[in-house]
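Open the model in your viewer and keep the sequence panel beside it. This tour goes from one selection to the next.

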Amino acid sequence: MQRQLDERIETERGLRGERLVERKLLALLVEIGELANDTRCFKFWSSKPPAAVETILEEYVDGLHFILSLGLDLSLHEGVQWPNVQESQSLVDQFLRVFEAVHAFRGQLNEEAYNQLVYAYAQLAHALQFTAEQIERAYVAKNEVNHERQSHNY
């Protein structure tokens, strides 16, 4: 599904053959930041509650789109399975680990760093109490939204 969306965007936006890794890495970092902002886990100065679970899940899968896209771009997706995570850190610690994993991946752009990024992101899902089934359903739904957006020159 991600490959189909990426190919559509690259074709329709005239980006075929252009290296988009750096832009996708920045987009991923922005999405992770938006996700952290919606959880409000770091906002010790505020008593405002987190966004609705559905909103947080949608932000989570926005980041997943870019992780999958990066894996496809760099041919690192073969054999990658969604990790069965049994434990994670506090949300703040887990977000920091994900940011660190993105940074490490950017420096190496190899399979080991990609797998570590996927694992850290799966740990974040665990910390957010999302199941693999919830993530898959939300990913499919957001993928459809992304295709619809492309149809309307988003």
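Select Asp 62. Leaving out residues up to four places away in sequence, Asp 62 touches Glu 31 and Lys 142; contact means heavy atoms within 4.5 Å. Asp 62 sits in helix H3, residues 53-73. Helices (H or I, at least four residues) and strands (E, at least two) are DSSP runs, numbered from the N terminus. Is Asp 62 buried or exposed? Asp 62 is buried, because its relative accessible area is 11%. Buried means under 20% relative accessible area, exposed over 50%, and partly exposed in between (1.4 Å probe, protein chains only).

A word on the source. This is a predicted model: local features need pLDDT of at least 70 and side-chain atom pairs count only at pLDDT 80 or more, while totals for chains, interfaces and linings use all residues. Residues are numbered from 1 along each chain as its sequence is written, and side-chain values use heavy atoms, with hydrogens and water left out.

Zoom out to the protein chain. Its secondary structure comes to six helices and zero strands. From the N terminus on, the order is α-α-α-α-α-α. The C-alpha atoms fill a box of roughly 45 × 35 × 30 Å along the principal axes. Buried residues make up 40% of the 154 residues. Among contacts with a separation of 6 or more, 79% join residues 24 or more positions apart.

Next, select helix H1, residues 2-12. Which residues of H1 are buried? They are Gln 2, Leu 5, Asp 6 and Glu 10. These lie on the same side of H1, because they cover an arc of only 125° around the axis. The arc is that of the directions from the helix axis to the C-beta atoms. Now show H2, H3 and helix H6 (132-151): they are among what covers the buried residues of H1. Step on to Gly 14, which follows H1 and has a positive phi, near 65°.

Last stop: Phe 44. Phe 44 lies in the loop between helix H2 (21-39) and H3. Phe 44 is exposed, because its relative accessible area is 77%.
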